[in-house]
Amino acid sequence: MTTPEASATVAVELERLRGTVATGLAEVKGSLAVLLERSTRTEQDLARLREDTGKDIDELKADLEALKARRWPLGVLGAVAGVVGTITAVVSLFLH
């Protein structure tokens, strides 16, 4: 091989290599664009889920507070049960 032929062969191979590198970079750019889009969608979905979950948690807290407000304390229930038991005992004592 002479020097001009070797130079031509090297030039052709460099051109092929340049094309391969350009194609590879284009594929990488495309993949990065897809990943960026997925990441953006995921962040938006996560923000939406946090908003929805926050609303649900607020509603559940409100329901829990409403239930707490309507409950009877255990001491009051014990006292009522004691009074009812005493009245029942007194009534059964006088009926015999």
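1. Lys and Arg count as positive and Asp and Glu as negative, while His and the chain ends are left out. The place of a charge is NZ of Lys, CZ of Arg, CG of Asp or CD of Glu. The chain has 12 positive and 14 negative side chains. The centres of the two sets lie 5 Å apart.

2. This is a predicted model: local features need pLDDT of at least 70, side-chain atom pairs count only at pLDDT 80 or more, and totals for chains, interfaces and linings use all residues. Residues are numbered from 1 along each chain as its sequence is written, and side-chain values use heavy atoms, without hydrogens and water.

3. The chain has two helices and zero strands. These are DSSP runs, numbered from the N terminus (helices: H or I, at least four residues; strands: E, at least two). The radius of gyration, taken over C-alpha atoms, is 41 Å. The C-alpha trace spans about 135 × 25 × 15 Å along its principal axes.

4. How much of the chain is buried? Buried residues make up 0% of the 96 residues. Buried means under 20% relative accessible area, exposed over 50%, and partly exposed in between (1.4 Å probe, protein chains only).

5. Asp52 is found in helix 1 (residues 3-70). Asp52 is partly exposed, with a relative accessible area of 39%. Val76 sits in helix 2 (residues 74-95). Val76 is also partly exposed, at 40%.

Terms used: The radius of gyration is taken over C-alpha atoms; the globule rule is 2.2 Å times the number of residues to the power 0.38.
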